[in-house]
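Hi there,

Here is the structure I promised to pass on to you.

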Amino acid sequence: MTKIVGIAGSLRAGSLNAALLCAAADLMPSGSSLEIATIKDIPLYDGDIEASEGIPQTVVALKDQIAAGDGLLLVT
């Protein structure tokens, strides 16, 4: 099964990009899926924080989710 990870670039509740991503998930062909991820809790990059505290867990989780997929769909 082919798994695509989709991310909308907008966090707004009424986002058209998020709505299009959901529509794409409903239209995936048989044998494939679109797993919707989010950037909601992804902080702005700060090398000082990364050096002192490590990579934030939300970033690691999103990275792992993307790496586990066969493709990435960014909707902006």
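Let me begin with a pair of residues: V5 stands opposite L72 in strand β3. The two strands behind this pair are β1 and β3 (residues 71–75), which run parallel to each other and are joined over 5 bridges. Strands are said to pair if DSSP finds at least two bridges between them. Strands themselves are DSSP runs of E with at least two residues, helices are runs of H or I with at least four residues, and both are numbered from the N terminus.

Before going on, a word on where this comes from: the model is predicted, local features need pLDDT of at least 70, side-chain atom pairs count only at pLDDT 80 or more, and totals for chains, interfaces and linings use all residues. Residues are numbered from 1 along each chain as its sequence is written, and side-chain values use heavy atoms, with hydrogens and water left out.

Now for the other partner of β1. Strand β1 (residues 2–8) also pairs with strand β2 (residues 32–37), again in the parallel sense, over 6 bridges. To get from β1 to β2, the chain passes through helix α1 (residues 16–26), and this β-α-β crossover is right-handed. That term applies if, with the strands pointing away from the viewer, the path from the first strand over the helix to the second runs clockwise.

Stepping back, the protein has 3 helices and 3 strands, and along the sequence they follow the pattern β-α-β-α-α-β. Its C-alpha atoms fill a box of roughly 45 × 30 × 15 Å, taken along the principal axes.

Is I7 buried or exposed? I7, which lies in strand β1, is buried, because its relative accessible area is 7%. The cut-offs are under 20% for buried and over 50% for exposed, with partly exposed in between (1.4 Å probe, protein chains only). Leaving aside neighbours within four places in sequence, I7 is in contact (heavy atoms within 4.5 Å) with several residues, including L21, A37, L62 and L72.

G54 is in the loop between α2 (47–53) and α3 (57–68), and it counts as partly exposed because its relative accessibility is 27%. G54 and D70 are 16 residues apart in sequence and 27 Å apart in space, C-alpha to C-alpha.

Finally, some totals. Of the 76 residues of the protein, 16% count as buried. Among the contacts with a separation of 6 or more, 73% come from residues 24 or more positions apart.

Enjoy exploring, and write back with any questions!

Best wishes
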